[in-house]
Amino acid sequence: MTPARLFSLGVVAATLTVSAGFSQETPEAASESPASAPRTFLIGNSLTWDTLPSRLEGASDGRVQWHVYCGKNLPFIHDNPAGHCVESSTPWPKALADGEYDFVSIQPHLGSKLEEDVAIITEWAAQQPDAVLVIHTAWRHLDQFAAAYEANESDGPMEPSPAYFEALLAGLRKELPGREIRTTNCYRLLYALHEDIEAGVGPFTALADVGRDAIHMNAGPGRYLMHNAMRQALGQPPTGQGFDLTPEVRTYLDEKLAAHGWHPPKESGEKGAAKREPK
């Protein structure tokens, strides 16, 4: 084993001393945030919860809401609007009808078909015509993730691959012309970690180093990465509050966020591409 890999193992061991406890029922404490923070609504499953919505800016003032139904994909959540796994959830029909949001984040998941996801996201986005649409491009089981990414298929059931998400975005832009659409790019971030692991670069030896179980992120580097990816897509500044990371690991993750996170297009005709004022 090389000295570099021995160093990496030490960094990971120090980082992963963070507790990986997780509750589907109780939102984590919201951080201090300005009362003028954008209003945000998130729809998804526990992989949306792994982005820590309750720590986003505005959450402590009730400006961030969510509908989280663990293990479910968009067709299931659409057809079962009263269901959830996080008690603080606001059912999507109520939120989209009564709320006025600056951002709406929606997370596809395994088992749906491309045309289903396009139709459902289009329906929901149409109810909030002034909101920036954020697609939370999540992941699958960590030991299967790289193979699904590399298979790169857009046909058949949803898988987190470039081809699937590119086809999804193309479908949404056709149905929602002029709409500003962003992604969290979380699946690309995870694949960037996988590539470094394969090359023996960086602080991790397996994707399991950022997980707490087969699919969910741990309370340290995993959720740090996903929370700040969501913040980046929402135009919020990054934060390390609530995360106990070594400087080496945080620097590494910040480099990945800068390289693979969402960035405004250089030239965009999308509606709302300029800086948005919160409602």
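Analyst: Helices are DSSP runs of H or I with at least four residues, and strands are runs of E with at least two. On that basis, the protein has 10 helices and 5 strands. The model is a predicted one.

User: What share of the 279 residues in the protein is buried?

Analyst: Buried residues account for 54% of the 279 residues. The term requires a relative accessible area under 20%. As for contacts between residues at least 6 apart in sequence, 75% join residues at least 24 apart.

User: Why is H8 called oblique to H10?

Analyst: Two packed helices are described by the angle between their axes and the distance between the axes. The axes of H8 (residues 186-199) and H10 (residues 247-260) come within 10 Å and cross at roughly 125 degrees. Angles from 65 to 115 degrees count as roughly perpendicular and those over 145 as roughly antiparallel, so an angle between these ranges is oblique. H8 is therefore oblique to H10, and their crossing is right-handed.

User: Which residues meet where H8 and H10 are in contact?

Analyst: From H8, Leu189, Ala192, Leu193 and Asp196 meet Tyr252, Lys256, Leu257 and His260 of H10. By class, this contact of H8 with H10 has 5 nonpolar, 1 polar and 2 charged residues.

User: What makes H5 and H7 oblique to each other?

Analyst: The axes of H5 (residues 114-126) and H7 (residues 162-175) come within 9 Å and cross at roughly 40 degrees. Roughly parallel would require an angle under 35 degrees, and roughly perpendicular begins at 65. H5 and H7 are therefore oblique to each other. The crossing is right-handed. Leu114, Asp117, Val118, Ile121 and Thr122 of H5 meet Tyr164, Ala167, Leu168, Gly171, Leu172 and Glu175 of H7. In this contact of H5 with H7 there are 7 nonpolar, 2 polar and 2 charged residues.

User: At roughly what angle do the axes of H9 and H10 cross?

Analyst: The axes of H9 (residues 221-233) and H10 cross at roughly 35 degrees and come within 10 Å. The crossing of H9 and H10 is right-handed. H9 contributes Pro221, Tyr224, Leu225, Asn228, Ala229 and Gln232 to the contact, while H10 contributes Val249, Arg250, Leu253, Asp254 and Leu257. By class, the contact of H9 with H10 has 7 nonpolar, 2 polar and 2 charged residues.

User: How many aromatic pairs does the structure hold, and what is the geometry of the pair formed by Tyr69 and Phe76?

Analyst: The structure holds 11 aromatic pairs. Tyr69 and Phe76 lie 5.5 Å apart, centre to centre, with 70 degrees between the planes. Ring centres must lie within 6.5 Å to pair, and planes over 60 degrees apart count as edge-to-face. The pair of Tyr69 and Phe76 is accordingly edge-to-face.

User: Are Tyr69 and Phe76 buried or partly exposed?

Analyst: Tyr69 has a relative accessible area of 18%, so Tyr69 is buried under the 20% limit. Phe76, at 31%, counts as partly exposed, because that class lies between 20% and 50%.

User: Why is the pair of Tyr164 and Phe165 edge-to-face?

Analyst: The ring centres of Tyr164 and Phe165 are 5.9 Å apart and the planes stand at 85 degrees, so the pair is edge-to-face. Both Tyr164 and Phe165 are buried.

Methods:
Residues are numbered from 1 along each chain as its sequence is written. This is a predicted model: local features need pLDDT of at least 70, side-chain atom pairs count only at pLDDT 80 or more; totals for chains, interfaces and linings use all residues. Side-chain values use heavy atoms; hydrogens and water are left out. Axes are lines fitted to C-alpha atoms, for helices over the stretch in contact, and angles run from 0 to 180 degrees between N-to-C directions. A crossing is left-handed if the near helix is turned anticlockwise from the far one by less than a right angle, and right-handed if clockwise. Contact means heavy atoms within 4.5 Å. Ala, Val, Leu, Ile, Met, Phe, Trp, Tyr, Cys and Pro count as nonpolar, Asp, Glu, Lys and Arg as charged, and the others, Gly among them, as polar. Rings of Phe, Tyr and Trp (its six-membered ring) pair if their centres lie within 6.5 Å; planes under 30 degrees apart count as stacked, over 60 as edge-to-face and the rest as tilted. Buried means under 20% relative accessible area, exposed over 50%, partly exposed in between (1.4 Å probe, protein chains only).
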